[in-house]
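Visitor: I'd like to walk through a structure with you and learn how to read its features one by one. Where shall we start?

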Amino acid sequence: MSCILHIETSTGVCSAAVSQDGACLFSRVDRSGPNHAERLGTFVDESIGFADENGIPLDAVAVSCGPGSYTGLRIGVSMAKGICYGRGLKLIAVPTLELLCVPVLLEHDEMEDDALLCPMIDARRMEVYAGVYDRALRTVRPVGADVVGPDTYRKWLDEHPVYFFGNGAAKCIDTIGHLNAHLIEGVEPLAEWMFPLAEKRMAEGRTEDVAYFVPFYLKDFVAKTPKKLV
């Protein structure tokens with residue numbers, strides 16, 4: 001198994017962690033606000049120091065790649081790239097919405113077999129970035145920018161219990177207003193939960209080009225911008 005440094009900055013929470021052999025060995029979290037530029041460097045330095053002091057060679061850096069805060073993602077990805085260049089490590093991108101599903105799947109095993117998961121990242125007003133997944137984390141509906149109304153998720157709610165969570169979920173649950181809609185509170189995208197997804201990608205060889213990788217928002221922007229302006 002691999003030893004991976006994890007970086008998560010997609011929301012107002014800043015975190016870093018180190019994992020090895022399917023377990024999180026070290027974690028730092030700050031929930032005091034969007035101060036990633038101030039806190040992330042310290043957290044990463046402490047994480048790398050932990051690995052070095054314990055003789056654990058890092059194999060890769062995993063970074064949450066969005067959707068999420070534009071500034072937060074840029075800070076996290078820039079830090080991850082710098083470490084990969086400096087230490088010759090591989091870069092792994094972990095989708096933020098899939099990351100949100102990890103603690104739900106690990107801590108809520110009472111869910112129905114046919115339950116669906118709908119992680120949400122707040123995009124202000126009644127807008128969210130959301131996706132729909134089954135309990136095996138297979139994509140039922142890809143990530144999209146949703147203006148949430150009573151019918152936004154009805155096609156899935158009419159057939160399955162659907163669990164909504166993430167920092168955009170609480171404001172939407174009353175508007176969704178369906179008997180099959182369930183809210184799970186307190187679910188955050190944290191670096192300490194990244195290891196199952198990151199280790200799976202590492203084992204499958206799903207790493208990124210360090211020079212050209214961009215997070216969710218930047219990728220969309222570049223794709224829609226004329227080449228002469230990029």
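Visitor: Which residues is His 178 in contact with, leaving aside its neighbours within four places in sequence?
Guide: This is a predicted model, so take every value here as computed. In it, His 178 is in contact with Arg 154, Leu 157 and Asp 158 once the neighbours within four places are set aside. His 178 itself is found in the loop between α5 (173-176) and β10 (181-183). A polar atom of the His 178 side chain also lies 3.0 Å from the backbone nitrogen of Asn 180.

Visitor: How do I read a sheet, then? In what order do the strands that include β3 and β5 come?
Guide: In general, strands of a sheet pair through backbone hydrogen bonds, either parallel or antiparallel. Here, 5 strands make an open sheet in the order β3-β2-β1-β4-β5, and the pairing is mixed. β3 (23-30) and β5 (90-94) stand at the edges with a single partner strand each, so one side of each has no neighbour in the sheet. On average, and ignoring direction, neighbouring strands of this sheet are turned by 20° against each other.

Visitor: In which sense do β2 and β3 pair?
Guide: Strand β2 (residues 14-20) pairs with β3 in the antiparallel sense, over 7 bridges. If you want a spot to look at, find Ser 19, which stands opposite Cys 24 in β3.

Visitor: Which strands does helix α2 lie across?
Guide: Helix α2 (residues 70-87) lies across β1 (3-8), β4 (60-64) and β5, and runs at about 175° to β4. Helix α6 (residues 195-203) lies across β1, β2, β3, β4 and β5, with an angle of about 130° to β5.

Visitor: And for two helices, at what angle do the axes of α1 and α2 cross?
Guide: The axes of helix α1 (residues 36-53) and α2 cross at roughly 35° and come within 10 Å. The crossing of α1 and α2 is right-handed. On the α1 side, the residues that meet α2 include Leu 40, Val 44 and Ile 48, and on the α2 side they include Ile 75, Met 79 and Ile 83. By class, this contact of α1 with α2 has 7 nonpolar, 3 polar and 2 charged residues.

Visitor: Is Asp 134 buried or exposed?
Guide: The cut-off for buried is under 20% relative accessible area. Asp 134 has 15% relative accessibility, so Asp 134 counts as buried. Asp 134 is placed in the loop between β7 (127-133) and β8 (139-147). A polar atom of its side chain lies 2.8 Å from the backbone nitrogen of Arg 138. Not counting residues up to four places away, Asp 134 touches Ala 115, Leu 116, Leu 117 and Val 140.

Visitor: What about Arg 141, which side chain does it make a polar contact with?
Guide: The Arg 141 side chain makes that contact with the side chain of Asp 146, at 3.0 Å. Arg 141 lies in strand β8 and counts as buried at 16% relative accessibility. Among its contacts beyond four places in sequence are Tyr 153 and Trp 156.

Visitor: Last one, the backbone. Which peptide bond is cis, with omega near 5°?
Guide: Most residues other than glycine have a negative phi, and most peptide bonds are trans. Here, the bond from Gly 66 to Pro 67 is cis, and Pro 67 lies in the loop between β4 and α2. As for phi, Arg 125 has a positive value near 50°. Arg 125 lies in the loop between β6 (116-122) and β7 and is exposed, with a relative accessible area of 73%. Leu 137 has a positive phi too, near 60°, and is placed in the loop between β7 and β8.

Definitions and conventions
Residues are numbered from 1 along each chain as its sequence is written. This is a predicted model: local features need pLDDT of at least 70, side-chain atom pairs count only at pLDDT 80 or more; totals for chains, interfaces and linings use all residues. Side-chain values use heavy atoms; hydrogens and water are left out. Helices (H or I, at least four residues) and strands (E, at least two) are DSSP runs, numbered from the N terminus. A polar contact is a pair of N or O atoms within 3.5 Å; within protein, one must be able to donate a hydrogen and the other to accept it, and residues adjacent in sequence count only if both atoms are side-chain atoms. Contact means heavy atoms within 4.5 Å. Two strands pair if DSSP finds at least two bridges between them. Axes are lines fitted to C-alpha atoms, for helices over the stretch in contact, and angles run from 0 to 180 degrees between N-to-C directions. A crossing is left-handed if the near helix is turned anticlockwise from the far one by less than a right angle, and right-handed if clockwise. Ala, Val, Leu, Ile, Met, Phe, Trp, Tyr, Cys and Pro count as nonpolar, Asp, Glu, Lys and Arg as charged, and the others, Gly among them, as polar. Buried means under 20% relative accessible area, exposed over 50%, partly exposed in between (1.4 Å probe, protein chains only).
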